[in-house]
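This briefing is meant to be read beside the sequence and the 3D view.

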Amino acid sequence: MHDPRPRSVSHQKPPRNPAPSTVGRSKAVTLKERPAAPRFERGQVTLELGDSLQLYPTWGVPSVIISDGAYGILGFDGDTSDHLGLARWYQSHVRAWSQAATAATTLWFWNSEIGWAAVHPLLEAEGWRYVGCNVWNKGSAHIAGNVSTQTIRRFPVVTEVCVQYVRAAEVDGTPLKVWLRQEWKRTGLKLSQANIACGVKDAAVRKYLDQGHLWYFPPPVAMEKLSRYANRHGRPDGRPYFSLDGQTPVTAQVWKRMRAHFRCPHGVTNVWDRAPVRDEERVKTPSGRAVHLNQKPLDLMERLIASSSEPGDTIWEPFGGLFTAALAALRLGRRAHAAELDPTYFEYGRRRLAGG
Ligand SMILES: C[S@@+](CC[C@H](N)C(=O)[O-])C[C@H]1O[C@@H](n2cnc3c(N)ncnc32)[C@H](O)[C@@H]1O
C-alpha cells in the first residue's frame, strides 16, 4: 500500500552543498589598531597573540589543559557550522596535547553535548581516558522566554559540558597495573609478602597487585613501602625493582606524579548550577555590548584549576578568548600559557589580566 507520509531518507542523489561557512556570527567589536605587543606577561602567566598549534612547542609541561575551542555553532571566526567538522578541527591540537602531557596531566574539554560526543573518539584514540562529564546548567535565565519550541522542535538547551580526561598511565608502554604485578613477580617474592611490605592485612595484594577491576592505584606512601621492601628482599640480580628510570627505585614523591592531581571541594557534584556570565563579570565594549559570546564563568575555571593542580603547576589555555582560565590561574598562583588568534579578543583579554 502507498504510504502518503514523506520519507525521511531520500535515495536520490543529494544536492551539492557549498563549503560550510566558518565565519563567526557578528562580533560586537573589532579594534582598528593591533595590540602593541603580541605577548603579555603577568606573574607566571603568559598570553600570546597567535595560533596555539605553533606555540605548544615553546610552552612548559602542562599539569592541566583547559580546552574551550570550536563548538560547531559559528561562535567565532574559524568555528565550524555544526558538530560534523569538529573532530577534524581538534585533531592536530589533541595530538599535540598528547605529546606534551605526562601521567599527571588533566584535560578539561568544554563543549556542547553533541560537540563532545563528536570529539570523544578522537580523544580516546589519542590516549585520553574519560573520567567524568560535568554539566554546566545555566538555568532558564539563559533562554529568558525567547525560544519558540515549535520552531526548534526540541527542548531548549541551557547546558554545556566540561569533560574530565586523564592519561592512561603506563611505564614504557606497559599499563601501570600490569607493570606493578610484573615487577613484584621479578623479585621472586611471594605475593602475600606485598602485604607485609605495606603493613596491611591483605589490601596490597587485593588492590595494588590485582589485575582485574579491583585494581587500585597504590597511594605514594604505600608505593614507596612496596618498592623499598622489593629492593631489600627481592632477588639481588634483578635490582632495581619498581624503577621508572632503570636506576633508582621509585619514591613516594616521584610516584605522586604518576597520576593526575584531583581534589573535590566539599559538596560539589557533576551538575554545576551557575547563571550565564553577566553584569560586572561580562567584558563589555564602551557601548555596553558583550565582547565575546563565549566568555566562561571565572569561578568555574577556578574550580577546574583548584581541583586538578597545585600552586606552581602549569596550565594551558590553547583557545584563550578573553583568557578566563589564564586569569583563574593567575589568581590561584599557577603558571599559565594561553593563546588567542583574534587581535581584538587578545587585546581585551590582555587588559583584563593587566587590571585583574
Ligand atoms: C570558545 S572561545 C574561548 C572563550 C574563553 N574560554 C573565554 O572565557 O573567554 C574560543 C577562542 O579560541 C580562539 N581560537 C580558535 N582557534 C585558535 C588557535 N588555533 N589558537 C589560538 N586561539 C584560537 C578563537 O578566536 C576564540 O576566541
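Two strands count as paired here if DSSP finds at least two bridges between them. In this predicted model, strand 1 (residues 39–42) and strand 2 (residues 45–49) are joined by 4 bridges and run antiparallel. That pair belongs to an open sheet of 9 strands with mixed pairing, in the order 1-2-11-10-3-4-6-5-9.

**The sheet**

- Strand 1 and strand 9 (271–273) stand at the edges of the sheet with a single partner strand each, so one side of each has no neighbour there.
- From one strand to the next, the twist of the sheet averages 15 degrees.
- Strand 5 (residues 128–137) is joined to strand 6 by 9 bridges in an antiparallel arrangement, and one of the facing pairs is Tyr130 with its bridge partner Tyr165 in strand 6.
- Strand 5 is also joined to strand 9, here by 3 bridges and with the two strands running parallel; Asn137 stands opposite Asp273 of strand 9.

**Helices lying across the sheet**

- Helix 11 lies across strand 1, strand 2, strand 3 (64–67), strand 10 (314–317) and strand 11, and its direction makes an angle of about 165 degrees with strand 11.
- Helix 12 (residues 343–355) lies across strand 1, strand 2 and strand 11, running at about 160 degrees to strand 2.

**Helix 2 against helix 3**

- The axes of helix 2 (residues 86–100) and helix 3 (residues 113–125) come within 9 Å and cross at roughly 40 degrees, and the two helices are therefore oblique to each other.
- The crossing in which helix 2 passes helix 3 is right-handed.
- On the helix 2 side the contact is made by Leu86, Ala87, Tyr90, Gln91 and Val94, which meet Gly115, Ala118, Val119, Leu122 and Leu123 of helix 3.
- Sorted by class, this contact of helix 2 with helix 3 has 8 nonpolar and 2 polar residues, and no charged residues.

**Helix 10 against helix 11**

- Helix 10 (residues 298–308) and helix 11 (residues 324–331) have axes that come within 9 Å and cross at roughly 60 degrees, which makes helix 10 oblique to helix 11.
- Helix 10 passes helix 11 in a crossing that is right-handed.
- Leu298, Met301, Glu302 and Ile305 of helix 10 meet Thr324, Ala325, Leu327, Ala328, Ala329 and Arg331 of helix 11.
- The residues of this contact of helix 10 with helix 11 comprise 7 nonpolar, 1 polar and 2 charged.

**Around the ligand**

- There are 22 residues around the ligand, and those that come nearest are Asn294, Phe319, Gly321, Leu322 and Thr324.
- The elements that contribute two or more residues to this shell are helix 1 (52–55) and strand 11 (335–340).
- By class, the shell around the ligand is made up of 7 nonpolar, 10 polar and 5 charged residues.

**Backbone details to check in the loops**

- Most residues other than glycine have a negative phi, and most peptide bonds are trans.
- Arg153, although not a glycine, has a positive phi of about 55 degrees; Arg153 is found in the loop between helix 4 (149–152) and strand 6 (159–167).
- The peptide bond that leads from Arg239 to Pro240 is cis, with omega near 5 degrees, and Pro240 lies in the loop between helix 8 (220–233) and helix 9 (252–256).

Methods. Residues are numbered from 1 along each chain as its sequence is written. This is a predicted model: local features need pLDDT of at least 70, side-chain atom pairs count only at pLDDT 80 or more; totals for chains, interfaces and linings use all residues. A residue is near a molecule or strand if its C-beta atom, placed from the backbone, lies within 6 Å of it. Ala, Val, Leu, Ile, Met, Phe, Trp, Tyr, Cys and Pro count as nonpolar, Asp, Glu, Lys and Arg as charged, and the others, Gly among them, as polar. Axes are lines fitted to C-alpha atoms, for helices over the stretch in contact, and angles run from 0 to 180 degrees between N-to-C directions. Angles under 35 degrees count as roughly parallel, over 145 as roughly antiparallel, 65 to 115 as roughly perpendicular and the rest as oblique. A crossing is left-handed if the near helix is turned anticlockwise from the far one by less than a right angle, and right-handed if clockwise. Two residues are in contact if their C-beta atoms, placed from the backbone, lie within 7 Å.
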